[in-house]
Amino acid sequence: MKADIIVVGGGASGLMAAYSAGRAAADAGLALQVVVLEKMPRPGRKIMITGKGRCNFTNVKNWNVFSGHVQSKSNFVKSAFYSLDSQGVVDFFEGFGMKTVVERGDRAFPASYHSSDVVDTLVSACHSVGVKIECEAEVAGIEFGDGFKLTMADGTAWICSKLIIATGGLSYPATGSTGDGLRWAADAGHRISQTFPALTALVPKAYKSDSDDPEQKSRKKSTFINRETPLSELGQSLCGIQLKNIQATLFIDGNEAQSEFGDIDFTDGGIEGPIGFQLSRKAVKAMVNGSKATLSLDLKPGVSLTEVTERVKSLWTEIDKDPRSRNVREKERCRILLGKLMPWDLIPGFMAMHPEIITLERRSRTDTKVWINLPTMAKALKDWRFELAGHVGYERAVITAGGISQDEVVAKTMESRIHHGLYFCGEVLDIDADTGGYNLQLAFSTGALAGRSAALSE
């Protein structure tokens with residue numbers, strides 16, 4: 001089977017690449033056959049789960065602000081962004097009938113909040129310019145020569161003169177992203193930058209039970225922790241709690257590396273949520289490279305330690321004077337005090353990790369005095385430390401960091417510097433960004449540039 005341009009991968013970047021190739025060819029009066037080969041039963045599987053099914057498909061910030069959220073070298077994607085910027089992506093979807101809304105943080109969503117609308121619009125756009133989408137079409141191998149020969153898993157073959165690899169990274173392998181493109185790029189002579197999961201759950205020490213999984217035990221030095229590993233008693237006490245408007249600071253080998261203000265979630269995976277994800281990239285990279293990573297949560301970021309200490313002492317005095325507290329033991333008074341300072345369901349986990357708040361003074365065999373260390377409590381509220389044991393792997397990571405080296409791809413066309421006619425786009429490249437619509441925008445921008453370049457190059 002033959003085609004002029006084949007796109008391997010029917011995700012965000014692949015579908016946009018296919019549409020852009022078809023559109024550019026039609027506008028130039030070229031009769032080019034563009035084919036998408038997608039190994040899953042339906043295209044856009046990862047798009048479907050983006051944003052918990054709501055699909056934050058771009059962020060409408062301008063480049064000067066947007067680029068600050070790109071974690072890899074942002075200059076590499078500057079040309080791609082300007083060829084299809086975030087407003088251009090919004091206009092594209094609205095032009096094909098999908099209404100959009102922009103929410104807090106400049107995040108754009110389909111007005112229906114259904115990710116299926118994003119996928120359906122991309123597929124319709126492809127069909128409108130004659131793109132053929134083949135599903136359950138798994139590529140088993142690629143021969144790089146004068147043109148390209150793709151051997152399929154069913155034994156058939158495709159040949160083409162232009163090839164766009166848009167297979168994604170390693171994140172959410174259940175959606176089809178299993179690193180095929182990275183392997184083919186390496187076969188073609190491309191260098192692959194170190195890959196690791198980004199925007200993933202960070203797992204504190206003692207948050208998970210010891211795993212009986214032989215595979216996990218066999219790789220004790222690995223920082224990957226299976227999400228399915230059961231929660232410990234501590235993990236169970238924290239799981240499901242969301243903390244809003246806190247300051248989270250990442251320390252790597254004792255040195256402050258990054259600090260973010262916002263919300264975090266304690267989940268069955270570990271620490272997630274908006275700022276948990278923001279901190280995860282540096283934390284994971286550090287752990288993968290053998291460094292020690294620690295997270296500090298400041299539950300009262302708006303006030304100083306001195307002010308928090310005075311507030312704690314003042315509340316303790318109020319509780320002590322309250323007639324209802326006369327026959328209440330010190331430990332229970334401590335819980336009452338903490339209930340005035342944090343969500344009630346957070347108290348068990350907080351107390352379990354800060355036993356030093358309660359001091360037992362043994363006066364005699366029968367007389368023990370319980371002391372509540374108020375300054376220590378205040379300090380814990382301002383600096384709740386979580387030493388990180390590891391992180392959840394690719395199975396639920398939002399994005400893959402690392403990939404095909406930027407140095408070997410032409411930024412203005414997304415063409416390989418090694419093989420003429422070979423293009424890359426999306427997550428298979430060494431590009432990644434913060435959560436908030438930035439990664440899908442990069443997928444659309446690089447896909448659009450790769451598709452148009454492939455269609456118009458000789």
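Modeller: Happy to! Asp 253 lies in the loop that links strand 12 (242–252) to strand 13 (255–266); helices (H or I, at least four residues) and strands (E, at least two) are DSSP runs, numbered from the N terminus. Although Asp 253 is not a glycine, its phi is positive, about 50°. Most residues other than glycine have a negative phi. Asp 253 counts as partly exposed because its relative accessibility is 48%; buried means under 20% relative accessible area, exposed over 50%, and partly exposed in between (1.4 Å probe, protein chains only).

This is a predicted model, where local features need pLDDT of at least 70, side-chain atom pairs count only at pLDDT 80 or more, and totals for chains, interfaces and linings use all residues. Residues are numbered from 1 along each chain as its sequence is written, and side-chain values use heavy atoms, with hydrogens and water left out.

Tyr 113 also has a positive phi, about 60°, without being a glycine. Its loop runs between strand 5 (107–110) and helix 6 (115–128). With 28% relative accessibility, Tyr 113 counts as partly exposed.

Strand 3 and strand 5 are joined in the antiparallel sense over 2 bridges, and Asn 59 has Arg 107 in strand 5 as its bridge partner.

Terms used:
Pairing = 2+ DSSP bridges.
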